[in-house]
Amino acid sequence: MTTEYALSLENVHKNFGGSEIIRGVNLDVIKGERHAIIGPNGAGKSTVFNLISGYYHLSEGEIKLNQQSIFSLEPHQINRLGLCRSFQVTNLFANMSVFENVRCALLWPMGYKYSFWQLLGRQKALNDRAHEIIELINMTERSYIQVGVLSYAEQRALEIGITVAGGASVILLDEPTAGMSSSETEQAVELIKKVSEGKTLVVVEHDMGVVFDLADRISVLVYGEIIATDTPENIRNSQAVQEAYLGKEEEEGN
Amino acid sequence: MITEKTNQQSGMRLMIRRFGVWIGAALLLVILPQLFDSGFAITMMSEMCIAIIFSLSYNMLLGQGGMLSFGHAIYYGFGGFIAIHAVNQVTEGVVVIPLELIPLVGGVAGFLFAILLGYISTKKAGTTFALISLGLVELVVACVLLFPSFFGGEEGVSGDRMLEWSITGTGFGQPIEVFYLIAFWLLVATALMYLQTQTPLGRMANAVRDNPERAPFVGYNIHLVRFFQFALSGFFAGIAGGLLAINYEIVNSEMIGALASGHVLLMTYIGGIGYFFGPILGAVLYTFLHLTLVNITMAGQLYLGVLFIVIILYAPNGMAGILMVHQPVWKAGLIKRLIPLYSAALGGGLVAFLGAMIMVEINYHLSLSIEPDAPMQLLGLEFLANSWPPWLLSIALIVAGYFILKPVIRNIGHKWNELTNEMQGGQTR
């Protein structure tokens, strides 16, 4: 019995100009698990997300999504293979309503492609699904409000809603609770648990409470390398991780 | 649409609410040439209708797709040239196309050229897109000189629209007959363009405009979204071009160049790019001013330019934006409280404009007329341009206008705050 990986990174490198930001990351995400990536600021967590989602191209290495190589694909192609991501900075369709935002996220997965012969208002299945997603993220009363005037927490929730709307099997969330109050964070975590059921979740997060609450396994990324991947308990007790987080000066000198 | 169960009356009401605007527009287009039946009026209305189609097609790029093009007249122009060649082919008996469908030929031409040139230009949005569109204009203008057999050189290509073939049996000898053909295509094209905004492609064009970074992560290839939007926009521009070819029976290189592209940009922006109906307002106003000003003053283009700048600076959402801002005030029944201030602003504005206009006209007379020393005529008055009274009057009017406008504009701001507070207070209570 081999373990089935939803996502695997093999020796992934990324250079920007002369500087190497990601220095040989190896990461295997098991299908159906909730996997958190943690690490100090500037470790390259967001860069890893950008590489996986095709936003950046790899300098070296290989990324596989459900055993299929995706390292040379464009973001929309990777998305169509069942991977969706959220953004650290809220990244919505600003001039549209909540409903329109969610509906946009459903168009491609529901097969509308570039159609200019179907009227959106008449697509019952599409509109019903959009309302379901909005209900899932508890924003039904806010459906027709322009997203620009939503509260920050609401925007973050919508960000998650758009990310999961298309039914992607692998979901990447980039700091979903950043900037939230503790009660908002609690709600966000519940929401993430709810929407990631039966899916593979990879999350970058700073809030350790959230990480230990959510994750089945944790990877620690330090200076462009994964130094440990293990269960939350083992990570918590790991000497290497402690040192990385406390930032031992002499190690940095190497 | 109306089922048997539906109450006839409410069904009727629903019809009117849904299609009222369209029925009203159709009626207006039928009645207008009966009310204004002079040759000049018919010409102007025909040109307005064509400009509306062209401007709406431009807004498919700019307003809906976020693509600022400086070369949209390419597809309008190719629509015109292909249409006039098609007319000539029909006259020679090579092909059989009724005149009523010639605009469609123009549309297909615009579509095909948009596909040909659009694939590269839509790879990037923003500045890159704008610059490529500018480059394409240069390219096409160069082609006009390179291929005189197609473009007809400097004098252009002419044709005779009175074809043997006609679906309606109309000869199209009379301008009013052509007007009704244009009006028909205006309704069809406008309805189609409106419906397009309600389709998946139309919506994703908005999405790509708003956030090209996110759109790929909902599964869309943003290049293709722009490209398809561009191609459809070219189709409607081509229809407008075909109609212009029929209307004037001549097409020349002016129609395809940078100036025509500039006109459509100006009228669309003046009308308002943020609303579907904005370009309609813009096209009507711009065409009206363009045609009338050209007859009465040499400085016509200058006034249009000033109007454009004023809109860009003070009403970036155009005429449609100005209207829509007032919609809630209108609904709350408070609009009458703005009328005195607006009248004062209009008065002050007119005084200042009059002053500025006198100065502009004097200068045009002095530098461009054959006899600068001869008396000039303005608003029915005759005076010498190089005498001091008109100059003094001009300056006095500008200064007076400024001092009228300044407090009025401040008070309009106060009034707006007052009304906004009142409306919000009314809602919470």
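In this predicted model, helix 10 (residues 258–271) and helix 11 (residues 278–296) of chain B have axes that come within 6 Å and cross at roughly 120 degrees. Helices here are DSSP runs of H or I with at least four residues, strands are E runs of at least two, and both are numbered from the N terminus; axes are lines fitted to C-alpha atoms, for helices over the stretch in contact, with angles from 0 to 180 degrees between N-to-C directions. Helix 10 of chain B and helix 11 of chain B are therefore oblique to each other (under 35 degrees counts as roughly parallel, over 145 as roughly antiparallel, 65 to 115 as roughly perpendicular, and the rest as oblique). Among the residues that meet are B:Leu266 and B:Ile270 from helix 10 of chain B, and B:Ile280 and B:Tyr286 from helix 11 of chain B. A contact simply needs C-beta atoms, placed from the backbone, within 7 Å. Sorted by class, this helix pair brings together nine nonpolar, four polar and no charged residues; nonpolar covers Ala, Val, Leu, Ile, Met, Phe, Trp, Tyr, Cys and Pro, charged covers Asp, Glu, Lys and Arg, and the others, Gly among them, are polar.

Over in chain A, helix 3 and helix 5 (residues 152–165) pack at about 25 degrees with axes 8 Å apart, which makes helix 3 of chain A roughly parallel to helix 5 of chain A. Here A:Val98, A:Asn101, A:Val102, A:Ala105 and A:Leu106 of helix 3 meet A:Leu158, A:Gly161, A:Ile162 and A:Ala165 of helix 5. That contact counts seven nonpolar, two polar and no charged residues.

The contact draws 31 residues from chain A and 25 from chain B.

On confidence, pLDDT (the predictor's per-residue confidence, 0 to 100) averages 91 in chain A, with 96% of residues at 70 or more. It stays under 50 over residues 249–254 of chain A. Where pLDDT is low, the predicted coordinates should not be read in detail.

Local features need pLDDT of at least 70 and side-chain atom pairs 80 or more, while totals for chains, interfaces and linings use all residues. Residues are numbered from 1 along each chain as its sequence is written, with chains lettered from A and ligands numbered from 1 in the order in which they are written.

Technical notes
Two residues are in contact if their C-beta atoms, placed from the backbone, lie within 7 Å.
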